[in-house]
Amino acid sequence: MQNVVEIRELEHCFGQGHLKTKVLTNINFQLRKNEIVILTGPSGSGKTTLLTLIGGLRSVQSGNLSVLGCELRGADYQSLLTVRRKVGYIFQAHNLLRFLTAKQNVRMSLELHGLNSDQVESKAADILERVGLMDHLDKYPDQLSGGQKQRVAVARALAAQPQLVLADEPTAALDKKSGREVVTIMQHLTRERGCSIMMVTHDARVLDVADRIIYMEDGCIVDNTSSNPQVVDQAPGVRA
């Protein structure tokens, strides 16, 4: 099976000199096509740092990191831009532009991919309908609930049919019902469109959507074998 992400001996540090701190140590793993992987572990274990490196939002310092066939270590700006355009990002804070409607937020993402106006309009309306927001296309973020805002963020991330979706705590600010709805929508749409998901979460309520769970602690991968969410409950720092 084709690997979407391949990581070998990846390490990362913050700071310089005597303030230099290692935040990732000897990271090795692969993310396969159509796979949903959850990255979990205590706060400060390096999960978000790893996610931002995979997304090309930080520079690779040491080791090898290949995303969608492109080696990111030493990659030039154009190569990084090409990879980023094939990746959908979903964050804990939905990061919607408050002065744009739901549809306009999604349209803006599509316009970055060079689609014509008719294509942009059609795709934006279609994906928002798929996430259950057909009646809210022209509402601004301040007129939407927390769950609805995160659905717009999911729609924006998936509208251009990325090959990889990176999600950082997408349910952290949501109640149980809204969090489950958002993750289920992500699961269904990505399965349908044949892309992979890597999601950082502390939310034990959504672990069951994963094909595989990676547990991190102190910048290291402690467990990269579990395909059963119940196994993660045995790891320190992860409880329902």
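1. Let's start with one pair of residues: in this predicted model, histidine 12 sits opposite leucine 24, a residue of strand E2. The strands around this pair are worth a look too: E1, covering residues 3-14, runs antiparallel to E2, and 8 bridges link E1 with E2.

2. Stepping back to the whole sheet, you will find 4 strands in the order E2-E1-E4-E5, with antiparallel pairing and an open arrangement. The edges are taken by E2 (21-32) and E5 (70-71); each has a single partner strand, so one side of each is left without a neighbour in the sheet.

3. Now for what lies against these strands. Helix H1, residues 47-54, packs on the sheet and touches E1, E2 and strand E4 (62-67). If you compare directions, H1 makes an angle of about 125° with E1.

4. Next, the largest pocket, whose volume is about 450 Å³. Its lining is made up of 18 residues, and those nearest the centre are Arg84, Val87, Tyr89, Ser109 and Leu112.

5. Which elements supply at least two residues each to the lining of the largest pocket? They are helix H2 (77-84), strand E6 (87-91), helix H3 (102-111) and helix H5 (146-158). Strand E6 gives the largest share of this lining, with 4 residues.

Definitions and conventions
Residues are numbered from 1 along each chain as its sequence is written. This is a predicted model: local features need pLDDT of at least 70, side-chain atom pairs count only at pLDDT 80 or more; totals for chains, interfaces and linings use all residues. Side-chain values use heavy atoms; hydrogens and water are left out. Two strands pair if DSSP finds at least two bridges between them. Contact means heavy atoms within 4.5 Å. Axes are lines fitted to C-alpha atoms, for helices over the stretch in contact, and angles run from 0 to 180 degrees between N-to-C directions. On a 1 Å grid over the protein atoms alone, a cavity is a set of points where a 1.4 Å probe fits but cannot get out, and a pocket is an open set with protein on both sides within 12 Å along at least five of seven lines; lining residues have an atom within 4 Å of a point. Grid points are joined across faces, edges and corners, and a volume is the space filled by probe spheres set on the points.
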